[in-house]
Amino acid sequence: MDSFSGGKVANGSMEFPFKSLDALEDVKFLPGDCIHLAGNQILNGNIHLKGVKGTPDNPLIITSYGAGISQIYSAHTSAVVIDDCENIHVKNVVVKGSGRKNGNTGTGIEVINSRFIEIEEVEAYGFQVNGIGVNGGGDVRITHSYVHDNGSNGIEVTGEWNTKSVRNIYIGYCVAENNAGNPTVSDNHSGSGILVGHATCAMIEYCEAMNNGWDMPRSGNGPVGIWGYESDRLTIQYCFSHNNKTSPTGLDGGGFDFDGGITNSLMQYNLAMNNEGAGYGLFQFAGATEWNNNIIRYNVSVNDGIKNSHAGIYVWCDPYNKELPLCNTKVHDNLIISNQGHSISFNTGFSSGLEFSDNVFVLTNEGIKHLQGDETKNMAIYKGNCYWSEAAERQRISQPRVSEDTKARYEKTEYILPEKIDILRLKEILSGMLPERYDVTKTE
């Protein structure tokens, strides 16, 4: 470290700034302090805060100053680590690693057992694990950030197993792109856009996830664009998840997913398009806690299930957990447009009180079977859904019937596919796709 600035000792002030991030290791930070990073410069190294306690009125702030945005290049490690801290704000910076296959083993911004953390206007890329990762703690806001070209996930929230102890998480206005997979993980999924687990009271809204998961190095369970597991009161709304993938022999690769252990949660006004997996997954894995009392409504799926499930909605419960199946959940007022042959696919989809009502299911290619899969599809309840097969219409044959739905309607449905997606207008766009079914004035 060069400890002199213009003949004066560098003390970290604006007049005599430190010349290296290493100098921060010896600083005892106080509430209201600010780490100003010179704009339009690449700063090698990392920032590691341990036990720093700001206050609500005087947080510690890490941000760029001057002209342009500062970039922290951390090479093979995490760029910013916030460990056992409170009231830390990170904004308007870029963090870059050496690449998920080029030696990096860390996370762009890593938050560990900390509270009242805000991450805003951050770009994070080149990390083997996550662009932004939260492990434990709570009261975290991640907004207006771009996480791309990472390994495990773009953004991940996780905590202690068998708990839902990470409380009050907000993820909004973020984009997760091309987070392809972690080359070192061969026993579990990797390559998701945004993933929340072990949380209570979490919201993901106005986010976009695309082209994730294509380089997961394994077969078996795979990534999803935006999803959650082992969480209570999770809301996913106004999000766009499209063109997500999985490995050549992997499963999943879908748009959205309420996975094992989800309770009292809401998924609404989302759009899934052109994903290799289903637009919407309802899953319960072995060892998960109860999956109960969830609502999936006012969502749209367009041409999902390209590789797996071949349907807009996919229902799966691991047979080892069929004593805790998918329970007491309503899937209603959704629009599913499928060119993969089926509307809903079941694979050991054990359920109790899982109800599909007032949805619109449209098959656009040669598929003429709305419900696909094993006998567990008969465990679900179907009420008053509208079904239509454009293939049957073209062939001038009878519309395929869904005997399980005694109140079904078989009516041709006119819909409008959007030419351009504006996340901030997503609720209005989805309503316009099928205006007679959706009412943008609804506020529930």
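Me: Which residues of α2 are buried?
Reply: Happy to start there, with the note that this is a predicted model, in which local features need pLDDT of at least 70, side-chain atom pairs count only at pLDDT 80 or more, and totals for chains, interfaces and linings use all residues. Residues are numbered from 1 along each chain as its sequence is written, and side-chain values use heavy atoms, with hydrogens and water left out. Buried means under 20% relative accessible area, exposed over 50%, and partly exposed in between (1.4 Å probe, protein chains only). By that cut-off, the buried residues of α2 are Leu426, Lys427, Ile429, Leu430, Ser431 and Met433.

Me: How many of the eight residues of helix α2 are buried?
Reply: Helices (H or I, at least four residues) and strands (E, at least two) are DSSP runs, numbered from the N terminus. Helix α2 covers residues 426-433 and is mostly covered, its buried residues numbering six.

Me: What do the buried residues of α2 pack against?
Reply: Packing is judged here by contact, that is, heavy atoms within 4.5 Å. The partners of the buried α2 residues are β23 (240-242), β26 (271-273), β30 (300-302) and β33 (335-338).

Me: How many helices and strands are there in the protein?
Reply: Helix α2 spans residues 426-433. For the protein, the tally is two helices and 40 strands.

Me: What radius of gyration does the protein have, and what would a compact globule have?
Reply: The radius of gyration is taken over C-alpha atoms, and the globule rule is 2.2 Å times the number of residues to the power 0.38. With 444 residues, that rule gives a value near 22 Å, which agrees with the protein's own 23 Å.

Me: How many salt bridges does the count come to?
Reply: A salt bridge needs a side-chain nitrogen of Lys or Arg within 4 Å of a carboxyl oxygen of Asp or Glu. Arg100, Lys101 and Asp215 are linked in a network of such bridges. By this rule the count is eleven.

Me: Which parts does the salt bridge of Lys383 and Glu355 tie together?
Reply: The side chains of Lys383 and Glu355 meet at 3.8 Å, N to O. They lie 28 residues apart in sequence, so the pair ties together strand β38 (residues 381-383) and strand β35 (residues 351-357).

Me: How far apart are the closest N and O atoms of Asp232 and Arg233?
Reply: Asp232 is buried, with a relative accessible area of 12%, whereas Arg233 is partly exposed at 40%. In their salt bridge, the closest N and O atoms are apart by 2.8 Å.

Me: What is the N to O distance in the salt bridge of Arg409 and Glu411?
Reply: Here Arg409 is partly exposed at 26% relative accessibility, and Glu411 is partly exposed at 39%. Their side chains meet in a salt bridge with an N to O distance of 2.9 Å.

Me: Which residues does Glu366 touch, not counting residues up to four places away in sequence?
Reply: Glu366 lies in the loop between β36 (360-363) and β37 (371-373), and is exposed at 52% relative accessible area. Glu366 and Ser389 are 23 residues apart in sequence and 8.3 Å apart in space, C-alpha to C-alpha. Under that sequence limit, Glu366 touches Ala391, Arg394 and Gln395.
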